[in-house]
Amino acid sequence: MQLQMQTWSEVERYLESSTTAIMPIGSTEQHGPNGLIGTDAVSAEAIALAVGAAANVMVAPTIAVGMAQHHMAFKGSMTLRPATMIQVIGDYVNSLAHHGFDKFFFVNGHGGNSATIEAAFQEIYTAYSLDGGKTGGNEPSVRCRLRNWWQGEKTYKLIKELFGDKDGMHATISEVSVTQHLFPEHIKSAPDMGPPEPFKNRWSDAADYRANFPDGRIASHPYLATPEAGKKIFEAAVKEIGEEVTAYAKG
Ligand code: NI
């Protein structure tokens, strides 16, 4: 169930039986020599929509630009400042909370978003904690949960079985494979990229990132991506996150 494909009265009916929303969140950033700039946003959205359809849970509009300052030395990358992103997440959540949603399950496609998403949750909770009961006294406030789509136990195990350590940390074989499955018309021919630069240090700003990882990837071999592997990973993630969302919606 996609919020943007409902009428207001359908949302009103939905809220009579469920107050859970799935919140896809990703990033718009370079993904190495053959990965799509939208990888993190389009993967999180597709997984969220499939989970929402299977579990009968409403899926909010995707937050498609995230915290990607370190990718800004590569053309096409976009970023929100962390402080902006905290406000965007807060406004998405509070808009829906205004109508009665109170459980927000974030399906995240970008590891670099995690710290900012967690900070956003704390900002949201703090507003409820400090408002002196104006939003309902002892009523529980909203609850938010973060789930990085590739980190479910079964999904992660499958990725390791398929690719081992070659999967890497950014522009991974697994995420490129998932986009190849979802968007076969946008599969890019993989240039001869050779082995990745060894991962030595965590980066700081965008220039530092590019100096350390000149073709954009981190420790990954994304020329090994295939749509067939992507289908398996996508289906595993949808199944695993679907079970988690169903339990979360009931809890
Ligand atoms: Ni990514």
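**From one threonine to a nickel ion**

T62 touches P24, A41, E45 and Y92, leaving aside residues up to four places away in sequence. Contact here means heavy atoms within 4.5 Å. The model is predicted: local features need pLDDT of at least 70, side-chain atom pairs count only at pLDDT 80 or more, and totals for chains, interfaces and linings use all residues. Residues are numbered from 1 along each chain as its sequence is written, and side-chain values use heavy atoms, with hydrogens and water left out.

Where is T62 found? T62 sits in the loop between strand 2 (58-59) and helix 3 (82-99). Helices (H or I, at least four residues) and strands (E, at least two) are DSSP runs, numbered from the N terminus. Why does T62 count as buried? T62 is buried because its relative accessible area is 15%. The limits are under 20% for buried and over 50% for exposed, with partly exposed in between (1.4 Å probe, protein chains only). The side chain of T62 also makes a polar contact with the side chain of E45, at 2.5 Å. A polar contact is a pair of N or O atoms within 3.5 Å; within protein, one must be able to donate a hydrogen and the other to accept it, and residues adjacent in sequence count only if both atoms are side-chain atoms.

Four strands form an open, parallel sheet in the order 2-1-3-4. Strand 2 and strand 4 (143-148) are the edges, each pairing on one side only. Two strands pair if DSSP finds at least two bridges between them. Strand 3 (residues 103-108) pairs with strand 4 in the parallel sense over six bridges. Helix 2 (residues 39-55) packs on this sheet, touching strand 1 (20-25), strand 2 and strand 3. The direction of helix 2 makes about 160° with that of strand 1. Axes are lines fitted to C-alpha atoms, for helices over the stretch in contact, and angles run from 0 to 180 degrees between N-to-C directions.

Helix 4 (residues 114-129) lies across strand 1, strand 3 and strand 4, at about 175° to strand 4. A115 belongs to helix 4. A115 is exposed, since its relative accessible area is 60%.

Which residues coordinate the nickel ion? H31 (NE2), D40 (OD) and E175 (OE) do, at 1.9 to 2.1 Å. Donors are N, O and S atoms within 2.8 Å of the metal (3.2 Å for Na, K and Ca); water is not among the atoms, so sites may look incomplete. Along the chain, the donors follow the spacing H-x8-D-x134-E. Both H31 and D40 are buried.
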